[in-house]
Amino acid sequence: MRRLLTLLGVTALIVIMDMALGASLGRLYRKTRTGESGGLINDALSRHAQVLLLGSSRMRHHGMPAVLNRKLSLTAFNAGMDGQDFLYAVMLFDLWQRSNPPPKAIVLNIDSDSFEKSDEELQRAGVFSFYYDNSPLVRQILNERSRFERLKFLSRAYRANGKVFAIGKNLFAHPAADFDGFEPLSGCLSPQTVGARRESIPTLTEFWSLKVECFKRLADYCEKHGTRLVLVQSPRYREDPHAHDAWVKVLSQFLAGYPDVEFVDLSTCAHPDVFRDKAELFKDGSHLNAHGAEIFSTMVAEALQTKPPL
């Protein structure tokens, strides 16, 4: 009996310590507003925007809210993130819409692999671990990482895994008052160092059912609230036209089930006169520099000005 009581006492102590540590780290985490380990999520969730830009680094470094503000007379915010993609975008928006009114437009950067299954992308979704209890969608995606995630997330301290140093580093750092999420890249690409990007030709079978389900939720939200959902493909320095044409065909077939969703192709293949062999517009093979981003953002604004006005 004594051993049992001791065991229960130790277990209770561990649980209490875990809850206290997790709660303390959680409170500190919510105060961070910078850093890719979560602070930028907190900052984005606090920003009201009429045009919300979502996606990977190709949105973060390409979409200039200042251009959209000027061209559309609407407030815009760039919530793209380096190293992330579609799952990050839908998780962030699911949290964002809980405390913000519906935007007039969502502009989501997509690439030929954005709808594919990616275990690496799933693991990177752990950046949302402190929001596990705030969103069924966040919880669903994080639970996909392994069969043990539900058990692991019983621990409050587990949610801070890999974030303790980042919390301490970013706790007292704050973004500039005029920060709009956009991070410009400087420098120009040397065309002699870049070969053609090798791209696989996608098929419909590569669309991951989890991402299709998440996309449907996003499209349904936009339809319900009168929000334009605009998918945009950014340019690369060099693109395989055969892979691009196959990707666009597959995407068009998929989007046939979503007639209200718009696709704006701003790839190099679609606009060779603007981007092809223009090394001065690119930081590297996949990212525009600040000058290229301004051109890209102007094209996005012009696309948004077509069709029904915002």
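This briefing walks through the spaces, the nonpolar cores and the ring pairs of one protein structure. The model is predicted, so local features need pLDDT of at least 70 and side-chain atom pairs count only at pLDDT 80 or more, while totals for chains, interfaces and linings use all residues. Residues are numbered from 1 along each chain as its sequence is written, and side-chain values use heavy atoms, with hydrogens and water left out.

- Rolling a probe the size of a water molecule over the atoms shows where empty space is left.
- A cavity here is a set of points, on a 1 Å grid over the protein atoms alone, where a 1.4 Å probe fits but cannot get out; a pocket is an open set with protein on both sides within 12 Å along at least five of seven lines; and lining residues have an atom within 4 Å of a point.
- Grid points are joined across faces, edges and corners, and a volume is the space filled by probe spheres set on the points.
- Helices (H or I, at least four residues) and strands (E, at least two) are DSSP runs, numbered from the N terminus.
- Two elements, α2 (39-45) and β2 (76-78), each supply at least two residues of the largest cavity's lining, and α2 gives the most, with 3 residues.
- For residue classes, Ala, Val, Leu, Ile, Met, Phe, Trp, Tyr, Cys and Pro count as nonpolar, Asp, Glu, Lys and Arg as charged, and the others, Gly among them, as polar.
- Sorted that way, the lining of the largest cavity has 7 nonpolar, 3 polar and 2 charged residues.

- The largest pocket comes in at about 320 Å³.
- It has 16 lining residues, and G83, Q84, D85, D113 and R124 are the closest to its centre.
- Both α3 (57-60) and α6 (119-124) give two or more residues to this lining, with the largest share, 3 residues, coming from α6.
- What classes of residue line the largest pocket? The lining has no nonpolar, 5 polar and 11 charged residues.
- The second largest pocket holds about 190 Å³ of space.
- Of its 13 lining residues, A219, E223, Y258, D260 and V261 are the closest to the centre.
- Helix α10 (209-225) and strand β4 (228-233) each supply at least two residues of the second pocket's lining, and α10 has the largest share, with 4.
- The lining of the second largest pocket splits into 6 nonpolar, 2 polar and 5 charged residues.

**Nonpolar cores**

- A nonpolar core is a set of buried Ala, Val, Leu, Ile, Met, Phe, Trp, Tyr and Cys residues joined through side-chain atoms within 4.5 Å.
- Buried means under 20% relative accessible area, exposed over 50%, and partly exposed in between (1.4 Å probe, protein chains only).
- The largest core has 59 residues, and I41, L54, L92, F128, I141, F215 and L229 touch the most other members.
- Helix α5 (residues 86-96) brings the largest share of this core, 10 residues.
- Apart from it lies another core, of 26 residues, including L68, A105, L281 and V300.
- Contact means heavy atoms within 4.5 Å. Leaving out residues up to four places away in sequence, F215 touches F86, F115, L229, L231, F254, L255, Y258 and V261.
- V300 sits in helix α13 and counts as buried because its relative accessibility is 8%.
- Neighbours within four places aside, V300 is in contact with L68, V107, V232 and L266.

**Ring pairs**

- Rings of Phe, Tyr and Trp (its six-membered ring) pair if their centres lie within 6.5 Å; planes under 30 degrees apart count as stacked, over 60 as edge-to-face and the rest as tilted.
- The whole structure has 18 aromatic pairs.
- F93 and Y221 are edge-to-face, because their planes stand at 80 degrees, with ring centres 4.9 Å apart.
- Ring pairs join F86, F115, F207, F215, W247, F254 and Y258 into a cluster.
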